[in-house]
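Have the sequence and the structure open while you read.

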Amino acid sequence: MRNISDLIEQYLKQMLQESKEGAVEIQRNDLADRFSCVPSQINYVISTRFTLEKGYLVESKRGGGGYIRIQRADLPALKTIAPYLSGIIGDSVDQSAAEGLIYQLEEAELVTKREAQLLKAAVSREALALKLPLRDEVRARVMKAMLIALLTR
């Protein structure tokens with residue numbers, strides 16, 4: 001059975017898919033009431049599952065009429081993917097950031113689930129058994145090469 005965080009995440013993603021603007025505005029307390037949880041649970045889900053690395057922009061306004069706005073951050077067109085990847089990945093990337101980018105590409109359906117799994121395996125700490133900072137530098141090179149090959153097919 002899924003936990004409450006998974007249910008909240010799926011609910012918000014469904015709302016985003018159904019939204020004509022590609023964004024949703026929610027009130028934390030209303031969502032907490034809907035799922036019979038504490039408002040901090042909503043904060044946790046949004047801060048861990050709707051990050052920029054995973055392809056989301058989050059804006060919040062505090063106060064009586066406050067809200068949380070979530071929207072998808074679009075990846076650039078494929079013709080500009082190499083410079084985009086170089087800018088995002090740079091000369092060095094840690095495992096968490098690499099996995100976040102892979103997640104974003106999978107969510108945008110630019111890579112398949114299988115391709116995402118292969119990417120994650122290739123850039124994992126276990127596969128790149130090198131000392132830091134060399135490991136993060138090699139990970140960046142591998143990521144860029146693999147993603148350019150996949151995304152320019």
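Ser36 sits in the loop between α2 and α3. Helices here are DSSP runs of H or I with at least four residues, strands are E runs of at least two, and both are numbered from the N terminus. The model is predicted: local features need pLDDT of at least 70, side-chain atom pairs count only at pLDDT 80 or more, and totals for chains, interfaces and linings use all residues. Residues are numbered from 1 along each chain as its sequence is written, and side-chain values use heavy atoms, leaving out hydrogens and water.

The phi of Ser36 is near 50°, a positive value in a residue other than glycine. Most residues other than glycine have a negative phi, and most peptide bonds are trans. Ser36 counts as exposed because its relative accessibility is 69%. The cut-offs are under 20% relative accessible area for buried, over 50% for exposed, and partly exposed in between, using a 1.4 Å probe and protein chains only.

The other exception is a peptide bond. From Leu132 to Pro133 it is cis, with omega near 0°. Pro133 lies in the loop between α6 (113-122) and α7 (134-151).

Helix α1 covers residues 4-18, 15 residues in total. From first C-alpha to last it reaches 21 Å, close to the 21 Å expected at 1.5 Å a residue. That expected span is 1.5 Å times one less than the number of residues. At the start of the helix, a side-chain oxygen of Asn3 comes to within 3.0 Å of the backbone nitrogen of Ser5.

Which residues of α1 are buried? They are Ser5, Ile8, Glu9, Leu12, Lys13 and Leu16. These residues lie on the same side of α1 because they cover an arc of only 130° around the axis. The arc is taken from the directions from the helix axis to the C-beta atoms. An α-helix has 3.6 residues a turn, so residues three or four places apart point the same way. Gln17 and Glu18, on the other side of α1, are exposed.

The buried residues of α1 pack against β1 (23-26), α2 (28-34), α3 (39-49), β2 (56-61), β3 (67-72) and α5 (95-107). Contact means heavy atoms within 4.5 Å.

Glu59 belongs to strand β2. It is partly exposed, with a relative accessible area of 41%. Not counting residues up to four places away in sequence, Glu59 touches Tyr67, Ile68 and Arg69. The side chains of Glu59 and Tyr67 make a polar contact at 3.3 Å. Such a contact is a pair of N or O atoms within 3.5 Å; within protein, one must be able to donate a hydrogen and the other to accept it, and residues adjacent in sequence count only if both atoms are side-chain atoms.

Gln95 is in helix α5. It counts as buried, at 10% relative accessibility. Leaving aside neighbours within four places in sequence, Gln95 contacts Val123, Ser124, Arg125 and Arg139.

## The whole chain

The protein has 7 helices and 3 strands. Along the sequence they follow the pattern α-β-α-α-β-β-α-α-α-α. Of its 153 residues, 37% count as buried.

How confident is the predictor? The average pLDDT (confidence in each residue, from 0 to 100) is 85, and 89% of the residues score at least 70. Confidence is lowest in helix α4 (residues 81-89), at a mean of 75, and highest in α6, at 95.

How values were computed. pLDDT = per-residue confidence, 0-100.
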